[in-house]
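Here are my notes on the model, point by point. Please read them with the structure open.

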Amino acid sequence: MQEKYLPTEIEHAAQQKWTASQVYRARDDADRPKYYCLSMFPYPSGKLHMGHVRNYTIGDVLARYHALRGFNVMQPMGWDAFGLPAENAAIANNVPPAAWTYANIDHMRTQLQALGFAIDWSRELATCKPDYYRWEQWLFTRLFEKGVIYKKMATVNWDPVDQTVLANEQVIEGRGWRSGALVEKRDIPMYFFRITQYADELLSGLDTLPGWPERVKTMQANWIGKSVGVRFAFPYQLDGKNEKLWVFTTRADTIMGVTFCAVAAEHPLATRAAENNPALAAFIAECKQGSVAEADMATMEKKGMDTGFKVTHPLTGEQVPVWVGNYVLMSYGEGAVMAVPAHDERDFEFANAHGLPIKQVIQNTLVHTDVLRAQRPESDYPELYFDATRWKSWYASKSRDEVLVFNSGKYDWMYTDDAVDAIAADLAALNLGEKKTQFRLRDWGISRQRYWGCPIPIIHCDTCGDVPVPAEQLPVVLPEDVVPDGAGNPLNKRADFVNCACPKCGGAARRETDTMDTFVESSWYYARYACPDFEGGMLDARANQWLPVDQYIGGIEHAILHLLYARFFHKLMRDEGLVSSDEPFANLLTQGMVIADTYYREAADGKKTWFNPADVELRDGNAFLKSDGQPVDIGGTEKMAKSKNNGVDPQALIDQYGADTARLFTMFAAPPEQSLEWSDAGVEGAHRFLKRLWKLAHDHVQGGAVAAFAGGELPEAAKTLRRQLHQTLQKVSDDIERRKQFNTAIAAVMELMNALAKLEGDDAVTRSVRQEVLEAAVTMLAPIVPHIAEALYAELKPGATMAWPKVDESALVQDEIELMLQVNGKLRGQIRVAATADKAAIEAAALASEAAQKYLEGQAPKKVVVVPGRLVNIVV
RNA sequence: GCCGGGAUGGCGGAAUCGGUAGACGCAGCGGAUUCAAAAUCCGCCGCUGGUAACAGUGUGGGGGUUCGAGUCCCCCUCCCGGCACCA
């Protein structure tokens, strides 16, 4: 056995062995239980980043652990290959996105292989290949014919200089990233998936996913945002015709407190009002500037302007003014809201800003009669009384059964829920409204005015309209020799792509040049891995054999969009008869972000240049660029991303220390679900541990062959070590399988190795215990550091196959245990008692102890709390 | 702004069901080995006071529940993720 740990050599050898024997090939025909372990596939951005290493190591640990436990494991890998960065690279380097993407895939595949992941490479797929996206196009045409996909107008960011649609990411402080022009909102036709039709099922389905983190399910539930409310109308007359302004509210109980209505700038009523009102037209134009991102909309200053129109309150008959408000979203509900400034924070701010009346219609139950008011005068109980200046503290602290409706005529002194029902019934009787379930979730717009994406399989014919491409004409192949220039979609300039014959009438027609949102590709790839070679359709029977995915692993940043779309797509495929399950992912692990410091310099025009942490030097809390020694500004600690140039290249780590050290360090530095703040320190420690492990095994193997301990009496030290081994085995199994917390599993094995190094003696029985400990420790570490484990196991037990060790219950038995002794909750000492001692015996031992005598000072204890196996607390 | 999460020594983190706060590792300090260094090995290591034994104090801040709170409840601060065209 080699005395020194040489990672490069053993990693090479191990990887060659695994490749030659195809051990990681998932068998479609195995009779062992299946375990489908899937990590979110990477976008081929160029090279692996730390987030990839973390993600795929977590997946690999779980895959390898289950393989050692006897499962038929499938761990596939592929490429989420369409997307915006390829176009940006194309513009910057004058290379076609296709060529750039394929080169990146080749490089990153090599990097993944160097990390020694137990991946079944025979199932590799790339979403930009026609044999993948043709089935996406096929499903699109099916869904289009079913009406699940439809076309409507939608608002996008428009760059008036570059004459192009911008992604939200390309809008920086309201301006186009390349042109610097003020961005405008523009309405264009787009295709939509009717995801709202599945809103209820997507919500209730969350309850069938015990293997998902609560926080992800909460986020999805809030995103879907089911609310029961009332949709009703304010009637009005315009141009001699009777019209209705529809609104939706979850707080119909406050309807008598309405003092105005607010509509979105895009609302038809606003447009109509602006016709004869230049000031209003200018205001609406101003509202249409800026990005469409909700975060921008929500944080901007609340502005509004009176339209001059009045509508009629449906229950009081009062005239209510209609305002345009930039905080009202056209895309949510009706694009119009009733405003109750007394009981809604945004309405309250708006009313104060524009001098609109505020009418209180909710009263606290504790002061709602004269008698109760007398008992709790406002001077002593200000918090119970409504006051516009402390609106928030009064209202926010109330739950629905603490308040009553008042100032509201016939609805006075009703509880709010009863008032909603009564008001809804009265509005229904007037034919002006009804109870309605509303979702925050909007239909999924998938049209992108981009080149590097999956072509939407629609042909536009002047005679026949929008015609889906017939199945036999699929795929609509995207030409791969295109170099975009940043001004619009280059497909529009490709006559050979655009011009075609209408499949229905045969006449001259135009092909759709929009491509699909890349989230569409990533919504079904997990199913295609089961049958990547199937040419007869989207999926075959193997999909049901492998699905659902047993363990899905990916970044927390995908908690809502990707995971919701994938769940939605699974239901679409189910309803097409392609899969039989309802949910795609049985268990989900959302790894935290890998974050790092950001550094930048700001130019005079406000443009920021970002510098990589590797190129920056820190001195006394200030940062300097290594190349010129000049200071740079320190930004926040953020998710490693190209846009902030704060990624740390894992390749250097692998080159210097080997893949096992990189894997060990990423698993040891933080628990998977927490964000991992990158620092170079600590890598050395992980490497040191592997060297120590190697040396321990080496020194033992040098002593000659020995069989693992198989029973009998042991000296005390060996017996204690053996107990620790089996405790460790229990803990590591639990940490990996149930807790999915690998840092503590590693720590436990480190402790075991520290204890092993202290075990003395070279007699046969001690050596047999050492053999048992080493074999088990190497196996426990194998999922995390597979290369060194492979090499050491071959030395320890030549020719044998690794399998997860079994816990020896008899090794765990202990005669005496130690309990903590507290007096009044403060730790004052320890006592030793027999493991079998009952409460009375423990209490007696505690009271008799020296520490208890000292702190009791002769007083009789009031109470003694005994927590079995843990502690005794004497209360004086 | 809204939704979700987080904050524990100089640093990363541990404490799994309300029961020994700081496991394991990094950095640091002391020692052994060495001509010397690296590597390795042994020991110390929250803070304050004390030679020490020990005492007090300590989990972002404020309050509460409990025999007992890092953990549960209420309020607040800061940081991170998402917000529908980054992936």
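1. Proline 475 sits in the loop between strand S22 (465-468) and helix H15 (495-498). Its peptide bond from leucine 474 is cis, with omega near 0°. Helices (H or I, at least four residues) and strands (E, at least two) are DSSP runs, numbered from the N terminus. A cis peptide bond also joins leucine 547 and proline 548, with omega about 0°. Proline 548 is in the loop between helix H18 (542-546) and strand S26 (551-555).

2. A word on the basis. This is a predicted model, in which local features need pLDDT of at least 70 and side-chain atom pairs count only at pLDDT 80 or more, while totals for chains, interfaces and linings use all residues. Residues are numbered from 1 along each chain as its sequence is written, chains are lettered from A and ligands numbered from 1 in the order in which they are written, and side-chain values use heavy atoms, with hydrogens and water left out.

3. Chain A overall. It has 28 helices and 37 strands. Its C-alpha atoms fill a box of roughly 105 × 85 × 60 Å along the principal axes. Of its 876 residues, 51% count as buried. Buried means under 20% relative accessible area, exposed over 50%, and partly exposed in between (1.4 Å probe, protein chains only). Among contacts with a separation of 6 or more, 71% are between residues 24 or more positions apart. Contact means heavy atoms within 4.5 Å.

4. Two positive phi values deserve a look. Glutamine 22 has phi of about 50° although it is not a glycine. Glutamine 22 lies in the loop between H1 and strand S1 (34-39). With a relative accessible area of 47%, glutamine 22 is partly exposed. Tryptophan 413 has a positive phi of about 65°, and is not a glycine either. Tryptophan 413 is in the loop between strand S17 (403-405) and helix H14 (416-429). At 39% relative accessibility, tryptophan 413 is partly exposed.

5. Helix H1 (residues 7-21) packs on helix H26 (residues 786-796) at about 85°, with axes 9 Å apart. Axes are lines fitted to C-alpha atoms, for helices over the stretch in contact, and angles run from 0 to 180 degrees between N-to-C directions. H1 and H26 are therefore roughly perpendicular (under 35 degrees is roughly parallel, over 145 roughly antiparallel, 65 to 115 roughly perpendicular, the rest oblique). The H1 side includes Ile10, Ala14 and Trp18, and the H26 side includes Pro786 and Ile788.

6. Helix H21 (residues 659-668) and H24 cross at roughly 110°, their axes coming within 7 Å. Leu664, Met667 and Phe668 of H21 meet Phe742, Asn743, Ile746, Ala747 and Met750 of H24.

7. A polar backbone atom of alanine 669 is 2.5 Å from a sugar or linking oxygen of RNA strand B. A polar side-chain atom of arginine 738 lies 2.6 Å from a base oxygen. For arginine 828, a polar side-chain atom lies 3.5 Å from a phosphate oxygen.

Terms used. Polar contact = N/O pair within 3.5 Å; in protein donor to acceptor, adjacent residues only side chain to side chain.
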